[in-house]
Amino acid sequence: MRNNCGPTFRMGTRGITLLSLVFLLGCNRSPSPAPQAATPSEEEKKTPVVHVVRPERTVLHCEVSQPGAIQAFEETPVFAKIAGYVKTWKVDIGDTVRKDQLLAELSVPEMNVELERKEALIVQADEEIDQARKAAVAAEAAFKSAEAHIKEAEAGQERAEADVKRTRSQSERLSRAGQGGVIDRESVDEIRLGYDAARAGLRQAEARVLTARTQRDEARAKWDKARADVRVAESSAGVARKDRDYVRANLEYTRLTAPYDGVVTDKRINTGEFIQAATGEKGKLLYVVHRTDRVRIFVQVPESDADWVHRGATAILHIPALRGPALTGSVARTAWALEHGTRTLRAEIDLPNPDGRLRPGLYVYATLRTDLADVRTLPRSAVATEGDVTRGYQTYCYQVEGGKVRRLSIELGAGDNERVEVLRKQTRPGGPWEAFTGEEEIVRGNLKEVRDGQRVTTSR
């Protein structure tokens, strides 16, 4: 008979053994803690404390330091206006010159001959004027003589008219008497013939008046022409003088003179050399003269400081090449527009240079200063900027309202090392820009640890 208990017993023995091992191992392990709900820490229960400030009206002490260079107050290159040979040169580089001092002289012989010719034409023109004036005087006399002849002819006409009236009256009276047989026929005919002769004399007198008037008109025309000839001669003489003055002016260009008191810094001219006239940008540079009684100092101001650098700003100038204390001046002018490539504003400082120590080309380290009074400012630690050249930059601050912080976009003005001018704020993106009132509570410091809408506790 098959015993089924054996195998069953053996399987049970292995199971008991395994259970014993599990029991023993379980007794050696510490019991697992039961899961519990998380509780907030004391730090999390507290809202962060932020320090706040209000925009204040203060005085900004703006300052920027930049390298610069000295340049001559005026720098004049000297060229030749006309072509010619160098007759002589008088000064060399480094020479001090006075205004209108002769630097060099050119030789242009043909222009001297041309000037003599123009002078001769002026003499000829003056003689023509004299001749025309005399002809005008003669024409005037002829006109006046013609007017006198008219008066004489008109007087003869009046006499002829009187004779006609007298003879006509006699002829009519005697004709009536002849009809009555008082006088004979021959006497009447003789009186009639006298009347006819008087009428013929009147026509002759009228013809003389007409001729005299025609001669008067002709004399007037000749007089007018003579006066016009005088004006033409005078005009021609004026043109001749202008031509002479033009040649004389060109001859003045043969003398190269200093434009002002200064120093010759370049010379490129030699005796006997042929110099071409400068046209446009072409032409040989002969001299360069620098004005030395004053100099200009050029400083390139960064874009961030361009707004407050203006005329009158104080300038402290350090010139390493010169021993002695720093020089003090003020900004005389600015270019107003920034240079496109460098984004800098050119500022100029004028300095007197009576002893000539300030030479063009010397290196200068300039500090520009100015005070902006009564501007609304915030500490620099209350302002932050984010962005890049691709997306653009945005300046912002955090304002505390109702226990929460709100991020404001702001516009800045000038600033110094500690404070910066705040111009406007924008409380929401795309919203209107508003001026600061001075009552705003602005977070100062640790701005990266603050987020928009966060609840905070304020501290001053």
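Let me start with the ground rules. Residues are numbered from 1 along each chain as its sequence is written, and side-chain values use heavy atoms, with hydrogens and water left out. Since the model is predicted, local features need pLDDT of at least 70 and side-chain atom pairs count only at pLDDT 80 or more, while totals for chains, interfaces and linings use all residues.

The overall picture comes next. The secondary structure of the protein chain comes to 4 helices and 22 strands, where helices (H or I, at least four residues) and strands (E, at least two) are DSSP runs numbered from the N terminus. Of the 460 residues in the protein chain, 33% count as buried; here buried means under 20% relative accessible area, exposed means over 50%, and partly exposed lies in between, with a 1.4 Å probe and protein chains only. If we take the contacts in the protein chain with a separation of 6 or more, residues 24 or more positions apart account for 75% of them, a contact being heavy atoms within 4.5 Å.

Which residues have the most contacts inside the largest nonpolar core? They are Ile-70, Ile-297, Trp-308, Leu-317, Ile-349 and Leu-368, in a core that has 28 residues. By nonpolar core I mean a set of buried Ala, Val, Leu, Ile, Met, Phe, Trp, Tyr and Cys residues joined through side-chain atoms within 4.5 Å. At least two residues of this core are supplied by each of strand 2 (56–72), strand 11 (294–302), strand 12 (314–318), strand 14 (344–352) and strand 15 (363–379), and strand 15 gives the most, with 5 residues. Apart from this core lies another, of 17 residues, among them Ala-80, Val-97, Ala-258 and Val-264. Returning to Ile-70, and leaving aside its neighbours within four places in sequence, its contacts include Val-295, Ile-297, Ile-319, Pro-360 and Val-364.

Rolling a probe the size of a water molecule over the atoms shows where empty space is left. On a 1 Å grid over the protein atoms alone, a cavity is a set of points where a 1.4 Å probe fits but cannot get out, whereas a pocket is an open set with protein on both sides within 12 Å along at least five of seven lines, and lining residues have an atom within 4 Å of a point. Grid points are joined across faces, edges and corners, and a volume is the space filled by probe spheres set on the points. In those terms, about 380 Å³ of space lies in the largest pocket. The elements that give two or more residues to its lining are strand 17 (392–401) and strand 18 (404–415), and the largest share, 4 residues, comes from strand 18. Among the lining residues are Glu-303, Asp-305, Trp-308, Arg-380, Tyr-393 and Val-420.

What does this lining look like by class? The lining has 5 nonpolar, 4 polar and 3 charged residues, with Ala, Val, Leu, Ile, Met, Phe, Trp, Tyr, Cys and Pro counted as nonpolar, Asp, Glu, Lys and Arg as charged, and the others, Gly among them, as polar.

Finally, the charged pairs. A search of the whole structure finds 35 salt bridges, each being a side-chain nitrogen of Lys or Arg within 4 Å of a carboxyl oxygen of Asp or Glu. In one of them, Asp-243 pairs with Lys-118, the closest N and O atoms being 3.9 Å apart. Asp-243 lies in helix 4 (residues 185–252) and Lys-118 in helix 3 (residues 109–179), so the pair ties together parts that are 125 residues apart in sequence. Is Lys-118 buried or exposed? At 12% relative accessibility, Lys-118 counts as buried, while Asp-243 is partly exposed at 32%.

Two other pairs each stay within one helix. Lys-144 forms a salt bridge with Glu-140 at 3.3 Å between the closest N and O atoms, and the two, being 4 residues apart in helix 3, are separated by about one helical turn. In helix 4, Lys-225 and Asp-229 are likewise 4 residues apart, and their side chains meet in a salt bridge (3.0 Å, N to O); Lys-225 is exposed, with a relative accessible area of 52%, and Asp-229 is partly exposed, with 33%. Elsewhere, salt bridges that share partners join Arg-296, Arg-333, Arg-346, Glu-348 and Asp-350 into one network.
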